[in-house]
Amino acid sequence: MDGELKPMDAEQLRENAHRMVDFIADYYKSIESFPVLSQVEPGYLGKLLPDSAPDHPESLQQVLEDVQAKIFPGVTHWQSPNYFAYYPSNSSIAGFMGEMLSAGLNIVGFSWITSPAATELEIIVLDWLAKLLNLPDDFLSTGPGGGVIQGTASEAVLVVLLAARDKFLARIGKSSLDKLVVYSSDQTHSALQKACQIGGIYPENCRVLKTDASTNYALSPDLLDEMISQDISTGLVPFLLCATVGTTSSTAVDPLPALATVAKRNGMWFHIDAAYAGSACICPEYRPYIDGVEEADSFNMNAHKWFLTNFDCSALWIKDRKALIQALSTNPEFLKNKLNPHSSGTVMLTTRWIRCRQDYLQASQANMVLDYRDWQIPLGRRFRSLKLWMVLRLYGVQNLQQYIRNHIELARQFEDLVSQDPRFEVVTPRIFSLVCFRLLSPDNDGDKGNKLNRDLLDTVNSTGKIFISHTVLSGTYILRFAVGAPLTEERHVNEAWKVLQDEASKLLATIQNN
Ligand code: PLP
């Protein structure tokens, strides 16, 4: 066994992990040499790897060689400075080290006692972030609400929907599930639809309200009001409104104050999804986009998108944590302790831990500790607050604000470049760091214009030089250029624009020649 990798050994960890860090650092050094969008065919990897796991250990060197030769071709390089697709998913040195530390400790922090620091750091860091976003005090842990790290915005909206659903059913009766209605716009992320499916909301009670260019694809409070009145008149119960600040398609911002008024007048739960744009609101000049959050029941932003915190880290704040806990807490036998079989907050502990457990029971009963397992779907949870804490401490607020502002400025510059080329148009007003634009069809034909832009997207992405994505707004195919990768600089934006112009020229020339 000598020389072979043990399950855990401090010196072997040191040596191997150093090599891995070197490997990853080299990856970042050469990241621009890879095609940004993976160019492999489906099933490529099965042809390169054996059919079964090895009987005997292989070396780290062999594995790393395979990563280089076989895995990297199938990687789309989200951290490339030439990545402009979807929304960013930031990695940073601080976030990476937080992940390392979390992996190193590898705790499973489902309740306070399973690692008090995990729960307490999460509470503290989410309070810090709430203050940075200037969220209302009701979202702080010092009141009846608080923050929690979910894996994704999808999980956040799901737990919120379950909390709201059960709060309403407790009032109107369990058998009224078929009466509960959810409201959102046609620009709301599909995560809400998934939450409705999981939460048992009747599909015919999911109101997806139409938006158009007249509101820049934001939800109209009048339309919402009208729909709610109609539903109430037929005996239905409006229970949840999901607004978005920074929609996935085009960064539309729903008018929170007016929507909040409608939601509150009808006694509904008001959730705000700011998965992408929430990060920008740490800058005072962008904070007005979440004005109205004071009236929300829950608010969510993904630190793993544009806040230098490695995936996954989705921050959710809620005003009434009791609602969440009531919907999600369970009291299984294996989590009870012998002395207090009715306790819902402790784990079975050995005698060595008895004193600690008694303290914990007292603390739990006095409502001094939280058990985050009751705020989420799974039982087990990672020590994710470490990376957010490290990001906040190692960069500091001013640098984080500067980071956001720089990306927004780069997006503004790209928007200028597009505006200066009469062959293109900017389609929706740019608000944050996403530019929605398209190549104009020479003969002004809608279908041909859509095909032209689809072709442009394909040719541009198949160069491997940049990666952009698309959306469809009011039936029009639109290209999306989202700035937000940590390594992106002005030169990358300029070069990306050149790639787009060159490929557009080639496409337009082919059309002219046909
Ligand atoms: N909400 C918005 C506005 C988004 O842009 C996204 C993803 O891009 C999501 C929700 C879903 O995010 P997640 O992958 O964290 O569930």
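In this predicted model, a polar side-chain atom of Ser154 lies 2.5 Å from an oxygen atom of the ligand.

## Around the ligand

The side chain of Asn302 places an N or O atom 2.9 Å from an oxygen atom of the ligand, and for a polar side-chain atom of Lys305 the distance to a ligand oxygen is 3.2 Å. The ligand has 400 Å² of accessible area on its own, and the protein covers 86% of it. Helix H5 (153-172) and helix H9 (303-306) are the elements that each give two or more residues to the shell.

How many residues surround the ligand? There are 13, and the closest are Ala153, Ser154, Thr248, Asp273 and Asn302. By kind, the shell divides into 8 polar, 3 nonpolar and 2 charged residues.

## A nonpolar patch

Out on the surface, Val21, Ile93, Met97, Met100 and Leu394 form a nonpolar patch, and together they have about 430 Å² of accessible area. Which element gives the most to this patch? Helix H3 (residues 93-105) does, with 3 residues. Met97 lies in helix H3, and Met97 counts as partly exposed because its relative accessibility is 33%, between the limits of 20% and 50%.

## Salt bridges

The count of salt bridges in the model comes to 30.

| Salt bridge | N to O distance |
|---|---|
| Arg265 and Asp225 | 2.8 Å |
| Asp421 and Arg423 | 2.9 Å |
| Glu489 and Arg491 | 3.3 Å |

Take the bridge between Arg265 and Asp225. This pair links distant parts of the chain, 40 residues apart: Arg265 is in helix H8 (residues 256-265) and Asp225 is in helix H7 (residues 221-233). Arg265 counts as exposed, at 53% relative accessibility, while Asp225 is partly exposed at 25%.

Is Asp421 buried or exposed? Asp421 counts as buried, because its relative accessibility is 7%, under the 20% limit. Its partner Arg423 is partly exposed, at 27%.

In the bridge between Glu489 and Arg491, Glu489 is partly exposed with a relative accessible area of 42%, and Arg491 is partly exposed at 41%. Elsewhere, salt bridges that share partners join Glu99, Asp312, Arg382, Arg384 and Lys387 into one network.

## Backbone details

Asp312 sits in the loop between H9 and strand E7 (314-318).

Where does Asn444 lie? Asn444 is in the loop between strand E9 (434-439) and helix H13 (446-462). Its phi is near 60°, a positive value in a residue other than glycine, and Asn444 is exposed, with a relative accessible area of 74%.

Ser474 also has a positive phi without being glycine, here near 45°. Ser474 is found in the loop between strand E10 (469-473) and strand E11 (476-482). Ser474 counts as exposed because its relative accessible area is 53%, over the 50% limit.

Conventions:
Residues numbered from 1 in each chain as written. Predicted model: local features only at pLDDT ≥ 70, side-chain atom pairs only at ≥ 80, totals over all residues. Heavy atoms only, no water. Near = heavy atom within 4 Å. Polar contact = N/O pair within 3.5 Å; in protein donor to acceptor, adjacent residues only side chain to side chain. Areas by Shrake-Rupley, 256 points an atom, 1.4 Å probe, with all protein chains shown as cover. Helix = DSSP H or I, 4+ residues; strand = E, 2+ residues; numbered from the N terminus. Nonpolar A, V, L, I, M, F, W, Y, C, P; charged D, E, K, R; others polar. Patch = residues over 30% accessible without salt bridge, like charges linked within 9 Å, V, L, I, M, F, W, Y side chains within 5 Å. Salt bridge = Lys/Arg side-chain N within 4 Å of Asp/Glu carboxyl O. Buried < 20%, exposed > 50% of the residue type's maximum accessible area, 1.4 Å probe, protein only.
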